[in-house]
Amino acid sequence: MPVIELKNLKKTYGALTVIEDLNLTMADGEFVVLVGPSGCGKSTTLRMIAGLETNTDGQILVDGKDVSALEPKERDIAMVFQDYALYPHMNVAKNMSFALRLARYKKAEINKRVTEVAAMLDLTDYLDRMPGELSGGQRQRVAMGRALVRDASIFLFDEPLSNLDAKLRGQMRAELALLSQRIEKNIIYVTHDQIEAMTLGDRIVVMKAGEIMQQGTPEELYRTPANKFVAGFIGSPTMNFLDGTLATQAGRMVVQGESYAIPLPETYSQHLAGSDGQPVTLGVRPSSFEETDSDTALPMKIILSEYIGSQSVVICEFGGQRVSIEVNSAAPVKIGETRTFAVKEAEIHLFDPDTGASLLPASKL
Amino acid sequence: MNRTLANRLTPYMFLAPAAVILLVALIYPLGYVVYASFLNWNPSQRIGQAEFVGLRNYINLFSDESFRESFFVTIRFSVIVVSLEMFIGVGLAFLLDRNIRGMSALRTLFILPMMISPIVVGLMWRYMYHPTVGVFNRTLKALGFESMPWLLDGDWAFASIIIADVWQWVPFIFILSLAALQTLPQSVMEAARIDGASGWQSILYIKLPLMMPVLIITFLLRLIDSFKVLEVILVLTNGGPGLSTEVMALRISRTATEFRELGVAAAMSNILLLLLLMLTLAMFFYNKITEKRALRQKSEAAEEM
């Protein structure tokens with residue numbers, strides 16, 4: 001399997017620059033997920049790798065060879081589209097074998113591959129159905145089958161699950177994860193759904209406005225987001241952000257807000273010592289609160305409770321701001337009551353309010 | 001009791017105006033033509049005075065050399081014209097299916113011929129085909145070639161009316177094929193590119209099959225229309241030389257006006273009508289079948305969700 005490198009990749013449509021200068025290396029056999037809000041350039045990047053869009057500038061290297069001038073069919077790629085893009089006038093078998101038939105494979109070989117892949121995807125009984133006679137999930141599998149039959153070395157997925165309903169999406173996500181373990185190919189997967197990204201990717205590349213915000217394993221992105229955008233994008237329910245200033249209280253660094261002072265852990269306090277008065281944005285995940293009576297605990301007035309199952313997300317008001325806190329559903333909460341929560345120090349994130357960059361020392365990122 | 005009766009009658013009362021219009025505007029004239037075809041009827045007579053001759057008009061037509069000639073001229077004309085128009089129209093659509101500057105202006109320009117009155121089209125082409133002052137022969141002469149007997153020789157005249165009709169009606173097929181082409185799902189074309197289809201292969205294996213429903217309807221519409229062609233040929237050749245370009249519509253018109261045989265003209269009309277009816281029914285059933293298939297597929301897919 002090849003290494004794919006994007007070097008100084010640029011894409012403009014007329015006066016509109018979608019991607020300015022993108023650099024990314026995808027290792028051999030890696031499952032890379034490009035994730036970001038719509039319009040961030042993730043699909044455009046994928047389509048440039050596929051050869052469906054030409055790059056305005058820069059290089060797309062596959063094993064060191066620049067493929068950016070090649071036709072899609074010369075790039076050894078297979079692609080699964082968001083709307084499946086099945087050929088509506090061909091049955092499932094014909095859909096899956098189209099590429100092989102164009103490449104003039106022997107009939108026996110075509111049959112063998114189609115049968116194998118159909119068995120792998122549970123499509124054997126549907127081989128002579130037309131796409132219009134299939135359900136959404138089945139169509140999705142045919143689209144994947146069509147890519148698998150090709151045995152290309154790079155697989156591109158363009159939001160393949162976003163047209164499915166929530167339940168089916170969960171099932172297909174698991175199937176896709178299993179499949180990716182089995183086929184051991186380079187996979188580049190585009191999605192706007194951070195849960196898909198977290199569960200599927202070996203490595204996640206978070207994009208915004210044509211730029212890479214951060215890349216890393218799902219855990220790295222979750223534990224040490226490099227900026228406020230990644231922090232807010234990865235993780236569900238989303239992180240709370242509170243504004244404050246740095247201060248020293250009784251020999252400890254704290255973030256001083258309107259009605260609170262939250263002490264900072266060592267990782268920050270050493271590094272930020274002497275920056276009293278600097279404005280910061282404090283980031284706390286809903287799961288980073290714990291209920292306690294200690295003197296640093298903050299009184300929170302519960303205004304809404306969202307029951308999810310074993311956990312509930314309660315939305316609280318304090319100091320004129322709203323925060324969401326994950327609590328165990330076993331302890332019932334009453335709307336309107338005030339409880340005291342403390343922030344787990346080790347799970348605090350600090351960001352520069354202007355640039356959004358994390359204030360963690362560079363060595364920890 | 002009365003109320004339920006009134007309720008039952010309500011739908012029919014709403015239907016009545018439409019039914020009356022249908023009866024007056026469609027059934028009556030149609031019945032009139034059918035009845036007239038059984039008469040030996042001269043335009044100077046009132047219809048009541050005409051002699052009833054039963055099927056004689058139809059029987060005579062089958063042994064009428066000139067009618068048979070015009071019948072086959074029509075078939076030949078329709079088949080050639082519609083094939084040519086389909087080929088050129090669809091081909092043009094493929095060529096012009098791209099986003100270039102000024103494309104919409106170009107498209108409008110392309111469909112202009114369709115908007116010109118057929119009489120004007122006939123006159124225009126008659127001047128262009130003129131043996132001495134027409135633009136074709138003058139151009140040929142200027143280039144040092146012999147001039148052509150455009151409308152003077154039977155075969156040339158037939159070719160000439162074909163050219164004029166193709167010129168006028170290619171845009172119709174072009175515009176419908178282009179519309180069909182532009183509504184094809186973009187991602188399917190991209191999937192074909194990824195699967196390794198060349199431009200020709202994606203036209204042959206993907207685009208044409210997907211456009212087929214529209215193309216078939218377009219084809220039938222044009223076929224039906226071409227069977228009824230009259231004005232352009234009337235102005236260009238008036239059926240001549242000899243009977244070489246006398247299509248059925250023209251024959252009917254001449255039978256009624258020149259030969260003053262309204263009954264025979266009516267019988268001819270009915271034969272043409274039957275032919276067109278068969279084509280229309282073919283189109284109707286094709287529509288029904290595709291609709292049914294789409295519906296069945298949808299419900300089957302829904303069941304398995």
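User: What share of the 365 residues in chain A is buried?

Analyst: This is a predicted model, where local features need pLDDT of at least 70, side-chain atom pairs count only at pLDDT 80 or more, and totals for chains, interfaces and linings use all residues. Residues are numbered from 1 along each chain as its sequence is written, chains are lettered from A and ligands numbered from 1 in the order in which they are written, and side-chain values use heavy atoms, leaving out hydrogens and water. Buried means under 20% relative accessible area, exposed over 50%, and partly exposed in between, with a 1.4 Å probe and protein chains only. By that rule, the buried share of the 365 residues in chain A is 51%.

User: Happy with that! How many helices and strands does chain A have?

Analyst: Helices (H or I, at least four residues) and strands (E, at least two) are DSSP runs, numbered from the N terminus. Counted this way, chain A holds 9 helices and 20 strands.

User: Which elements each supply at least two residues of the lining of the largest cavity, and which of them gives the most?

Analyst: On a 1 Å grid over the protein atoms alone, a cavity is a set of points where a 1.4 Å probe fits but cannot get out, a pocket is an open set with protein on both sides within 12 Å along at least five of seven lines, and lining residues have an atom within 4 Å of a point. The residues lining the largest cavity come from both chains, including A:Phe81, A:Arg146 and B:Ile194. At least two residues each come from strand E6 (77-80) and helix H4 (136-150) of chain A and from helix H9 (186-194) of chain B. With 3 residues, the top contributor is H4(A).

User: And how much space lies in the largest cavity?

Analyst: Grid points are joined across faces, edges and corners, and a volume is the space filled by probe spheres set on the points. The whole structure has 3 cavities of 30 Å³ or more. The space in the largest cavity is about 50 Å³.

User: Is B:Glu190 buried or exposed, and which residues does it touch?

Analyst: B:Glu190 sits in helix H9 of chain B. This residue counts as buried because its relative accessibility is 13%. Taking contact to mean heavy atoms within 4.5 Å, and not counting residues up to four places away in sequence, B:Glu190 touches A:Arg47, A:Leu52 and A:Phe81.

User: Now the largest pocket: which element gives the most to its lining?

Analyst: The largest pocket has a volume of about 840 Å³. Of its 25 lining residues, the closest to the centre are B:Phe94, B:Asp97, B:Arg98, B:Ser202 and B:Lys207. Helix H3 (65-96), helix H8 (154-182), H9 and helix H10 (199-227) of chain B give two or more residues to the lining. The most, 7 residues, come from H10(B).

User: What is the omega of the cis peptide bond at A:Pro237?

Analyst: A:Pro237 belongs to the loop between helix H8 (228-233) and strand E11 (240-249) of chain A. The cis bond joins A:Ser236 to A:Pro237, with omega about -5 degrees.

User: A:Glu159 has a positive phi although it is not a glycine; is it buried or exposed?

Analyst: A:Glu159 lies in the loop between strand E7 (154-158) and helix H5 (166-183) of chain A, and its phi is about 45 degrees. Because its relative accessible area is 10%, A:Glu159 is buried.

User: What about A:Glu184, buried or exposed?

Analyst: A:Glu184 is found in the loop between H5 and strand E8 (186-191) of chain A, with a positive phi near 45 degrees. Since its relative accessibility is 58%, A:Glu184 counts as exposed.
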